[in-house]
Amino acid sequence: MWSLIPHPQNPFKQMIILKLPLAWLQLKHEKIRLLVAIAGISFAVVLIFMQLGFQAALFDSAVHLHNSLRGDIFLLSTRSTSLIGMKSFSERRLYQALALPEVEFVTPIYLGFAQFQNPFNPSYWRNIHVIGFEIQYPIFKPIEIQKNLTQLKQQDVVLFDRASRFEYGAIADGFEEGKILTTEIDNIVASTRKIRIGGLFQLGTSFGIDGNLLTSHVNFLRIFSQRNKGLIDVGLIQLESGIEVNRVQAAIRKKLPPDVRVFTKQEWIEFEKNYWMSSTAIGFIFTLGVGMGLIVGIVVVYQILYTDVSDHLKEYATLNAMGYKDRYFLSVVLQESIILAILGYIPGFLISSGVYNLARKMTLLPIAMTQNRSWFVFSLTLVMCFLAGMIAMGKLRDADPSDIF
């Protein structure tokens, strides 16, 4: 629908007006109201973007370790809930799986939390995640780890995650400057132990892990001296090339007692993500935030469109009396919804991109704008404005020309 409003003094401006949709002319007639609508929609867009961004960062950061590992099948205790809630199980389960001819090798992974002393501020201690593994097997993908394996052969030497939070101290900078960095680690149960930073690697933080240390399984058991060597946290199983993983997984499940879970790598990743989504309040809060953003946007757009319909009710009623159908008025209101959605989405997208960058620097979480998320939020914005427009149309449908005049 195009406006046929003439401009008495400026023919050129008249030509422009002829090419503008009626919906836009109605919206820009009240500029303050339009700006308020754009601000309200932008706020809702930013709110949705932030909730979805942090939710994605929650899931992506939770599986840093999973994605960095090689291996086809993984064993976990049935009592384990996530990386921050691991329970040990017998290493014998790994050797039982090794009996299958399709298995190339098996290796244990040890996980634990300990107190780490900031080497630049000895009075400051903070929990850190410690990962132990048998260095004879190339189970980690990052090249940095492969290059530093010889360092881990030395007693009490660890690799420090350069992506750990800054509270642990400027360890990465100090190491790259050639400083010899030694500190202490305390596993709470036993006495403290002195360790040396022998190299750096990058894994990343999560909502439950602020930093990581990587070391050999021998050094791990020195740090956690109360741990029984025969009890492990994760069992990694590497199959011969070309072997069907699901078939071997089924055979291992049949062979092992029910005190362990047998996961493929993707199943272990989904298991971790599902914990954060359904077993913690964080996942629910982010989902609720998206819903709240939609409600806020619907309310704002509804108020704007409802007011616009009310202001032009006589004109709409006149056209209705002349024979114009509801679908004509609906098309005008929906055009307004599309315009508001676009105008509100653009600043919301730009603000969210900036906040993403700030949040990534401050929290070290993998939060970033993605193309799929941007299109998804834009679609939600359109749906949000359409719903508000449909609700606002209720007043117009109920309008009786005889009552209005």
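This is a predicted model: local features need pLDDT of at least 70, side-chain atom pairs count only at pLDDT 80 or more; totals for chains, interfaces and linings use all residues.
View 1. The one to zoom in on here is phenylalanine 49 with tyrosine 356, an edge-to-face pair with 6.4 Å from centre to centre and 90° between the planes. Phenylalanine 49 sits in helix α3 (residues 31–62) and tyrosine 356 in helix α13 (residues 326–363), so this pair ties together parts of the chain that are 307 residues apart in sequence. Phenylalanine 49 and tyrosine 356 are both buried.

**View 2. The largest nonpolar core.** This core is made up of 36 residues, and Phe160, Leu213, Ile237 and Ile252 are the ones with the most contacts inside it. As background, nonpolar side chains in soluble globular proteins tend to be buried together.

**View 3. Isoleucine 252 and its contacts.** Which residues does isoleucine 252 contact, leaving aside neighbours within four places in sequence? They are Ile73, Leu75, Ala97, Leu100, Ile237 and Val262. Ile237 and Ile252 are both among the residues with the most contacts inside the largest nonpolar core.

**View 4. The buried face of helix α9.** Helix α9 (residues 245–255) has Val248, Gln249 and Ile252 as its buried residues. Look down the axis of α9 and these buried residues fall within an arc of 105°, so they line one face of the helix. What do the buried residues of α9 pack against? Their partners are the strands β1 (73–77), β10 (234–239) and β11 (260–264), plus the helices α5 (92–98) and α10 (265–278).

**View 5. Leucine 159 in its strand.** You'll find leucine 159 in strand β5 (residues 157–161). Its relative accessibility is 0%, so leucine 159 counts as buried. Leaving out residues up to four places away in sequence, leucine 159 touches Ile145, Asn148, Leu152, Gly198, Gly199, Phe201, Asn212, Leu213 and Leu214. Take Leu213 from that list: leucine 159 and leucine 213 are 54 residues apart along the chain, and their C-alpha atoms are separated by 5.6 Å.

Conventions: Residues are numbered from 1 along each chain as its sequence is written. Side-chain values use heavy atoms; hydrogens and water are left out. A nonpolar core is a set of buried Ala, Val, Leu, Ile, Met, Phe, Trp, Tyr and Cys residues joined through side-chain atoms within 4.5 Å. Buried means under 20% relative accessible area, exposed over 50%, partly exposed in between (1.4 Å probe, protein chains only). Contact means heavy atoms within 4.5 Å. Rings of Phe, Tyr and Trp (its six-membered ring) pair if their centres lie within 6.5 Å; planes under 30 degrees apart count as stacked, over 60 as edge-to-face and the rest as tilted. Helices (H or I, at least four residues) and strands (E, at least two) are DSSP runs, numbered from the N terminus. The arc is that of the directions from the helix axis to the C-beta atoms.
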